[in-house]
Amino acid sequence: MTAQKTVKKLKVKMVSIYIMGKEYKVPEGLTIHKAMEYAGYKLVRGVGCRAGFCGACATVYRFKDDYRLYTGLACQTTVKDGMYLVILPFVPAKKPGYDIEKLKADFSSIVKLFPEVTRCVQCNTCTKVCPQEIQVMDAIQMILRGDIKSAAELSFDCIACGICSLRCPAEIIHYNLFQLVRRLNGKYLTPKSQHLVQRLKEIEEGKFDKELEKLVKMGPEKWKELYEQRVIE
Amino acid sequence: MKYLYFPGCSLKNYAKRYEETAVAVAKALGIELIELKRWNCCGAVSGLAEDSVFHHIAAVRDLVRAQEQLDEADSNKLVTVCSMCYRVLASVNNRLKHNPEDLDTINEFMSPEEYNGGIEVVHLLQIIKDDIGFDRIAEFTKKDLSNIKVAPYYGCVLVRPKETAIDDPNEPTILEELIKSTGATAVENPLRTECCGSYNVVTNRELVKHRILNLLKPIMRENIDFLISVCPLCTFNLEFGIKANKKELHGREIPVLYFTEFLALAFGLDDKLEKEVLQAVNI
Amino acid sequence: MGYPGYPEEFWDSIEKVEATRERRLKEVFKRITPEEKEKLLEKWHPDYRPEGKRALKLGPNKGDYVPNEVADILEAYPLIDPNDIDLEDIDYDVDVLIIGGGGSGAAAALWTNYRGIKAENILIATKLRFGDANTKMAQGGIQAADRPQDSPPIHFIDVIGGGHYANKPELVRILVKEAPLIIKWHEELGVMYDKDEHGNFIEIHGGGTSRKRMHAAKDYTGLEIMRVLMDEVLNREIRVIEFSPAVELIMDTSGQVAGAVLYNLETNQYYVVRAKATVLTTGGFGRLHIQEFPTTNHYGATADGLVMGYRVGTHLRDMDSVQYHPTGAAFPEQIVGQLVTEKVRGLGAQLVNIDGEQFIYPLEPRDVVAAAIIRECYGRNKGIVTVTGQRGLWLDSPMIEIIHGEGTIKRYLAAMYRQFKRFDIDITKEPMLVFPTLHYMNGGIEINEYTQALNADGKPIPGLFAAGEVTGGVHGKNRLMGNSLLDINVFGRRGGINAAKHAKKAKVGKLTLKHVNNWVTKLKEAGIAPKRKAPIILPEYRGKRALSRSINIGF
Ligand SMILES: Cc1cc2nc3c(=O)[nH]c(=O)nc-3n(C[C@H](O)[C@H](O)[C@H](O)COP(=O)(O)OP(=O)(O)OC[C@H]3O[C@@H](n4cnc5c(N)ncnc54)[C@H](O)[C@@H]3O)c2cc1C
Ligand code: FES
């Protein structure tokens, strides 16, 4: 196939990366995950979805003459020459238990479970390190002023990689805190669907039972007929 | 006129009535207060610590947010309403303007965000005085307040220290002038810049109770209709103290109004407040 | 100027896409007729390539055709030698063991607990971290017929038509009838579904739906559901052990399934779990890379559940059909195979070829769209070819901003936007390059309405339940978007309830792994060389050179 030929012609540039301090030469353009595999690692910890959704692969890295500590997701970040990196295998974090039915959607229920939230010194480090580019500190501030809805929305894209919590001088566990905030918002601060209530009532009354029974018994020929006659909304 | 506006945490919580009336009064006066899209706590007392610029980080970030949104306003003034927020933001702003090394240190830390020193922090009272003019307050006043006697209370932070004071630290008059411009009578209040007891209310209520009683004693004879405050914490302590000293005050429960509530009343903007307060004093 | 995220050789074609956009906004591509559909699938869908499959040599599905990669793991030797395992020394003795920590596992655990099994008598064993699985990756949404203009029977027809009439109708009935109940459960738990100001759900179309019934939580629907269920599992203090996959089911001498052998991936030791009821929720098989397709699936999607189940006699169904999602990323290389959610098409983006012309109605069922893209690239040569030889076609995402207003993509497709932005491609302004990717295991372990795993005679295997992607029958030969998140909740819930019921009266006898020994004997009889071992637990991606120098010096 012609495609194969094109691949062969490509000259891949190699870069040096330092996985937990050891140097490996890997092709440029690979994600950190793929580069580690290329180097011979069988990934076990620090990997999950491999697509930026699960937060298992929080990674910290630095370059030789740069004081900055960079962060990213190993499945989404491409290696660069001179990268010193480590994927964090685990982020310890407290997770207080609660009964969501018994909570109120207000600041006082939150602060009882996560008293450390008031320790925020607003250094903004959490926002700076977030690989999802969430305004983490702003969301914490919204919680402090009792604006649960905004905090829930602002933190929505959190994948709980845990980097913010490791960097926080106030030792706040942002992602567990945000989880509570979002549930409070979803449960108490958003109106309930009336359509759903109505439909559940109809189902309970058995409104669709006969029709469904008929459908189950019908068989492929009839299903096909019905399927082909569908009116699309 | 459009001004950027920093509400602060108190105004979003227990001092909601302060914020609502501030925005309404400003609007009546032709001022649009544009709330910052993003803001955080000013840092409160920790922002006042002077041993390390790091304590100022919260306040500086708010100044950066104002800077980011400057093109939406007609002026570089950032309007505050809570007097504590004013004090913190203004003093941090001053320090950075006068100490470029400090500004550099902070900018270095905040990088890539950077404060350029271009914001002026003001209190809403200053806007009313300087940009609108007290003489024009009379024009907007709809109610006849000539029978009303009002005692102003400044508390500490709006008039101290002198670097950020919005008026003479010892003999401020800005509230008195404001009151007079509505036609009401401003009662002389000798202890008007004494501290209300501040955060002690959390840990030592007895102390605050006594303090408030002492503050009120000199004006009790005046038969005032209400007190005017500029600060959420002062108001909280005054209201607490008045209740707690009910016996000592012979059952008199003097209402404490934010200056913006007072103006809202004068302008006839707040029916509910009018019912609660004005009818109580028989206007 | 130009398109900084794309190589220059693409620019001409992108300009053509832009040039035709205005006209296409008004253009509706005609729907495919049943006859055309059949022809298209037969010629271009990977499922129809005879060399991709082979007949199984042994087991409950002997003689059935399945993809080679599936046959490879089913016809494989066990990882453990039963003689090495001391079944008398029990590490976890529980009422209900749930194998798999995705959405179906979490739902099963919660409902087991709701039905009276104490948290300390439930164990979730999972291969990776709890929740790091396909469920979290679901972006598009979850179906439920809850609007007045919709109904469970209408939903039924969509499901069964989408599944090419091969579904198990009793299971479909449950799926559609219990859907609203699931959404209500989520609402009460606090799942933040997209809603209008009255609290009604914002619902859109998905491929193959005749009504708008796709409920979403931005394009993080699976993540939002999963993290709420996880939070609830943790609140209830249900035990979870991570990085400890099951490698074999355990039976007792009376022939019921009675737990599993787990393997601690860090310390390499085994654990024996004895359980009165076992629920398999190990998900799908994307990481088998059927016919070398890239996949959207998580790292642990290696069909371990099929392998373990097959050895205790579970019957599999519909394993001959594989779901290729029509729109996997085809560029940049770093994200090839990752999902571009169907919601992009749901919101109005069209599929167009190198000349900026449409070639298929964008919301045909998945197999049809996938086949049409493959035909356009390989049959008609109207695709883009990247430097690595990967082919692809344009998905014209900027149309969404024109149709629904600026900001729609960032609000409703935040994950997608971010995914591409990381590589300098702004999907609000530029189209994305896509090609089909291995997405979903349509078939799997056959179950009945009570989620009991069935053997080749259609009889339940006592003690074994299964739910979610590991099962077959609900979706027939092709699953529609939004019905899988639904499936894992509906049947995960049923799995939990029925496992609890079973556990309350079950008595477990002496544990045994005799079935594993028997399996080895059968493999030998069938003449299968002991080359392959399964379950494979994690796919092998190590570099060739690194692997070739790997030695085991056993220190
Ligand atoms: C990218 C993507 C997008 C999708 N989008 C949608 C959508 O929009 N709508 C929709 O309805 N569906 C969608 N799906 C499909 C749907 O998300 C999945 O089918 C469904 O979530 C599967 O849930 P599950 O619980 O069965 O499996 P999973 O969520 O995959 O969970 C399987 C679990 O089993 C564990 N496991 C595996 N092997 C073992 C073992 N040997 N021992 C112990 N544990 C084991 C895994 O670690 C994992 O925890 C999508 C899927 C993907 C991949
Ligand atoms: S592996 Fe899931 S976010 Fe990287």
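1. A polar contact is a pair of N or O atoms within 3.5 Å; within protein, one must be able to donate a hydrogen and the other to accept it, and residues adjacent in sequence count only if both atoms are side-chain atoms. By this criterion, 10 residue pairs (both at pLDDT 80 or more) are in polar contact between chain B and chain A.

2. The model is predicted, so local features need pLDDT of at least 70 and side-chain atom pairs count only at pLDDT 80 or more, whereas totals for chains, interfaces and linings use all residues. Residues are numbered from 1 along each chain as its sequence is written, chains are lettered from A and ligands numbered from 1 in the order in which they are written, and side-chain values use heavy atoms, with hydrogens and water left out.

3. Contact is taken as heavy atoms within 4.5 Å. Of the two pairs of chains that touch, chains A and C have the most contacts. Chain B and chain C do not touch, and their nearest C-alpha atoms lie 17 Å apart.

4. The contact between chains A and C involves 77 residues of chain A and 92 residues of chain C. Buried area is the accessible area (1.4 Å probe) that two parts lose on being put together, summed over both; for this pair it is about 7,500 Å², with 57% on carbon and sulfur atoms. On the side of chain A, the residues losing the most area to chain C are A:Phe53, A:Phe156 and A:Glu233, together 11% of what that side buries.

5. A salt bridge requires a side-chain nitrogen of Lys or Arg within 4 Å of a carboxyl oxygen of Asp or Glu. Across the interface of chain A and chain C there are 13 salt bridges. The side chains of A:Lys187 and C:Glu188 form a salt bridge at 3.1 Å, N to O. Polar contacts between chain A and chain C number 47 residue pairs (both at pLDDT 80 or more). Helices (H or I, at least four residues) are DSSP runs, numbered from the N terminus. H9(A) gives the largest share of the side of chain A that touches chain C, namely seven residues.

6. Between chain B and chain A, the contact draws on 18 residues of chain B and 15 residues of chain A. The area buried there is about 1,200 Å², and carbon and sulfur atoms give 41% of it. In chain B, the most area is lost to chain A by B:Arg38, B:Trp39 and B:Arg61, together 36% of what that side buries. The count for this pair is one salt bridge; the side chains of B:Arg38 and A:Asp138 meet in a salt bridge at 2.6 Å, N to O. H4(B) supplies four residues, the largest share of the side of chain B that touches chain A.

7. Which cysteine sulfur is closest to that of B:Cys85? It is the sulfur of B:Cys82, at 3.8 Å, which is too far for a bond, because a disulfide is a pair of cysteine sulfur atoms within 2.5 Å. Likewise, the sulfur of A:Cys168 is 6.3 Å from its closest cysteine sulfur, in A:Cys123, too far for a bond. Over all chains the count is zero disulfides.

Key: Helices (H or I, at least four residues) and strands (E, at least two) are DSSP runs, numbered from the N terminus.
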